[in-house]
Amino acid sequence: TVLPNSLQARDIAYQMHPYTNARRHERIGPMVIERGEGIHVYDDQGREYIEGMAGLWSVGVGFGEKRLVEAATRQMSKLPYYHTFTHKSHEPSIALAEKLVKITPAGLDHVFFTNSGSEANDTVVKIAWYYNNALGRPNKKKFIARVGGYHGITVASGSLTGIQVNQKGFDLPLPFVRHITTPHFYRFGLPGESEQAFTDRLAKELEDVIAEEGADTIAAFIGEPVTGAGGVVVPPVGYWERVQEICRKNDILVVADEVINGFGRIGTMFASEHFNIRPDMLVLSKQITSSYQPLAAVVFSDAIYQAVADHSETLGTFGHGYTASGHPVATAVGLENLAIIEERGLVQNAATVGAHLQKALRGFANHPLVGEVRGVGLIGAVEIVKDKATKEKFDPPGKVGTYLFERAQEHGLIIRNMQDSIAFCPPMIITEKQVDEVIARFARALEDTQAWIAAGMPAA
Ligand code: PMP
């Protein structure tokens, strides 16, 4: 029940929320989160929750990190804002760009800052287009992306995204994008097909699409090394090598979207290292500041930089950028955040505690409602099915997943339902003991859900 004049009632009256069913929101109101500490957040009723999704796949260093507050405060006092347009710069943005070039995979030498992952992917599209214009290839503009990929929600990045909810009703995607099969073996592997044969089939699909469109019309391939919003999909061994080889042969840029994977999430600093990806452009956000400040970056090759720079000479300027590109407070917080990740060994923690999380999640593999458990490091998912043998989902899609994550919330665990795959992505400071508590709370929610299904899924 929503009390009149409560925060809930005012929220319903005045705020329209992203990814929210507006009419349902009017009935049930928001969960109002008031503060956070470590891996926990607290609502306005004082209830404690483990933030098992670290908000939206972020907050690696946890909540209440004083060093980030101090870094922001220092920078706020010294220079709260300045832009980076027309030959202006400031120390925090310079230092963070330098740091990113040093820690990202070899061959990535230049940084362009944006405020969000969506804007970073728009920037990727614009850099790729500008680059091909510079090289005198004005027709080489299409992007290949994957069904189930998530790259943002602006008109361009939302076109790269391959998730129906982000496109239906918005007349997306724009026609410059071709979506191909995502390397989700459990869902899209054929009966009796090996992972190797599945990878071969996907490689053939990529080659066929390139042949059909013409390599001279395709600018880039974009993918998340490990998919996030599409349900935490870990590709088969060799998938990325094959994709890369085909793209190189056809002079197609490879873009790794590590907005979720980057800065240690899967147990290596970047997932590109883990999967042997040598991207031409790398997209970073979220964990770059542990989301204490909005910030994203595109890190790209010197070959791209040189062509774009030459073209800008011709046109007089590189006419792209945001008021807050490289914002001093955001970049200062980013620098401090990366220092904390290094000093506290959080990448190693994601590997070791992540292995514990993966093992514990796989303990649910034999549960009658669980089709598959997936993940690597501190990101994982449990896919809910009606029938383990046929992999059939419950009807309507998402209903059981929604029930399950709401029960988890009642048991003090915030997780996320992505089309009946329940995702886990806790802060990177989490301990094995805390992972066990995540698992215990999830087990209770799964029990409730099983009982509800047995009772015929009555309306809540
Ligand atoms: N790419 C990926 C892989 C993401 O997960 C997200 C956000 N979830 C984005 C891009 C878009 O980032 P933002 O929400 O900051 O625009």
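Which helices each supply at least two residues of the shell around the ligand? They are helix H3 (54-57) and helix H6 (117-134), where helices (H or I, at least four residues) and strands (E, at least two) are DSSP runs numbered from the N terminus. The views below show a predicted model, in which local features need pLDDT of at least 70, side-chain atom pairs count only at pLDDT 80 or more, and totals for chains, interfaces and linings use all residues. Residues are numbered from 1 along each chain as its sequence is written.

**View 1. Shell around the ligand.** The ligand is surrounded by 16 residues, and the closest are Ser 116, Gly 117, Ser 118, Gly 152 and Val 259. By class the shell has six nonpolar, eight polar and two charged residues. Ala, Val, Leu, Ile, Met, Phe, Trp, Tyr, Cys and Pro count as nonpolar, Asp, Glu, Lys and Arg as charged, and the others, Gly among them, as polar.

**View 2. Helix H6.** The 18 residues of H6 should span 26 Å at 1.5 Å a residue, and the end C-alpha atoms are 25 Å apart, which agrees. The expected span of a helix is 1.5 Å times one less than its number of residues. H6 is mostly covered, with 13 of its 18 residues buried. A residue is buried if 20 or more other C-beta atoms lie within 10 Å of its own, exposed if 12 or fewer, and partly exposed in between, with C-beta atoms placed from the backbone. Gly 136 follows H6 and has a positive phi, near 70°.

**View 3. Largest nonpolar core.** This core has 125 residues, of which Val 124, Val 255, Ala 297 and Val 298 touch the most other members. Its largest share, eight residues, comes from helix H13 (residues 328-343). The core lies between domain 1 (31-61 + 345-454) and domain 2 (67-343), because both give residues to it. A nonpolar core is a set of buried Ala, Val, Leu, Ile, Met, Phe, Trp, Tyr and Cys residues joined through C-beta atoms within 7 Å. Not counting residues up to four places away in sequence, Val 124 touches Ile 222, Val 255, Met 281, Val 283 and Val 298. Contact between two residues requires that their C-beta atoms, placed from the backbone, lie within 7 Å.

View 4. The domain assignment gives domain 1 (31-61 + 345-454) and domain 2 (67-343), with bounds from an automatic or database domain assignment. Taken over C-alpha atoms, the domain centres are separated by 27 Å. In domain 1, 27 residues are in contact with 23 residues of domain 2. On the side of domain 1 that touches domain 2, two or more residues come from each of H3, helix H14 (346-362), strand E11 (370-376), strand E12 (379-384) and strand E15 (421-424). The residues of that side divide into 14 nonpolar, ten polar and three charged.

**View 5. Surroundings of Val 353.** Val 353 has its place in helix H14. Val 353 counts as buried because it has 23 C-beta neighbours inside 10 Å. Leaving aside neighbours within four places in sequence, Val 353 is in contact with Leu 378, Ile 430, Thr 431, Glu 432 and Val 435. Gly 267 is 86 residues from Val 353 in sequence and 9.2 Å away in space, C-alpha to C-alpha.

**View 6. Backbone details.** A cis peptide bond joins Leu 172 and Pro 173, with omega about 0°; Pro 173 is in the loop between helix H7 (157-160) and strand E6 (177-180). Another cis peptide bond, with omega about -5°, joins Asp 395 and Pro 396. Pro 396 is found in the loop between E12 and helix H15 (399-410). Trp 57, in helix H3, is not a glycine but has a positive phi of about 55°. Ser 291 lies in the loop between strand E9 (281-284) and strand E10 (296-300), and its phi is near 60°.

**View 7. Helix H15.** H15 has twelve residues and reaches 17 Å from its first C-alpha to its last, close to the 16 Å expected at 1.5 Å a residue. Among the buried residues of H15 are Val 400, Tyr 403, Leu 404 and Phe 405. Their cover includes E12, strand E13 (413-414), strand E14 (416-418), E15 and helix H16 (432-454). Just after H15, Gly 412 takes a positive phi of about 85°.

Key:
A residue is near a molecule or strand if its C-beta atom, placed from the backbone, lies within 6 Å of it.
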